[in-house]
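Subject: Structure handover

Hi,

Here is the structure I promised to pass on to you.

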Amino acid sequence: MIFLAFLIVFSRVINSLLGTFVGALGSSLYNHKVGLVFLAILGLFLTGIHQWHKLSHVPWYYSLGGVMGACFVTLSSFLIPKIGAYRSIILIIAGQMVGSV
């Protein structure tokens with residue numbers, strides 16, 4: 001789990017650095033484009049293409065997780081250069097604790 005936490009912090013910092021070149025929205029779009037390609041290749045190898053038909057039966061509101069994730073990545077890319085990685089992570093953890101109640 002510590003490794004996963006490291007990945008979250010490290011990816012936010014990388015995306016914020018990318019955001020200084022292409023803006024927060026551009027950074028988020030690039031992040032999700034690369035993630036889509038990576039997950040498509042990974043999914044193809046792990047499940048095979050025959051499992052992908054199940055995606056057409058997913059209720060629409062399950063897509064809200066993707067919208068929330070995109071908002072998180074975009075806002076992180078925007079805020080980390082302004083308030084720093086340390087403060088960002090503290091606020092993210094605080095928000096997770098409040099949200100879990």
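Below is what came out of going through it.

Keep in mind that this is a predicted model. Along its principal axes, the C-alpha trace spans about 45 × 35 × 25 Å.

The helix packing I looked at is between helix 2 (residues 64–83) and helix 3 (residues 85–99), whose axes come within 8 Å and cross at roughly 135°. Angles over 145 degrees would count as roughly antiparallel and 65 to 115 as roughly perpendicular, so helix 2 and helix 3 are oblique to each other. On the helix 2 side, the contact is made by Phe 72, Leu 79, Ile 80 and Ile 83; helix 3 brings in Ala 85, Arg 87, Ser 88, Leu 91 and Ile 92. By type, the residues of this contact are seven nonpolar, one polar and one charged.

Helix 2 supplies the largest share of the patch, with three residues, while Tyr 62 sits in the loop between helix 1 (2–47) and helix 2.

Cheers

Terms used: Residues are numbered from 1 along each chain as its sequence is written. This is a predicted model: local features need pLDDT of at least 70, side-chain atom pairs count only at pLDDT 80 or more; totals for chains, interfaces and linings use all residues. Side-chain values use heavy atoms; hydrogens and water are left out. Axes are lines fitted to C-alpha atoms, for helices over the stretch in contact, and angles run from 0 to 180 degrees between N-to-C directions. Helices (H or I, at least four residues) and strands (E, at least two) are DSSP runs, numbered from the N terminus. Angles under 35 degrees count as roughly parallel, over 145 as roughly antiparallel, 65 to 115 as roughly perpendicular and the rest as oblique. Contact means heavy atoms within 4.5 Å. Ala, Val, Leu, Ile, Met, Phe, Trp, Tyr, Cys and Pro count as nonpolar, Asp, Glu, Lys and Arg as charged, and the others, Gly among them, as polar.
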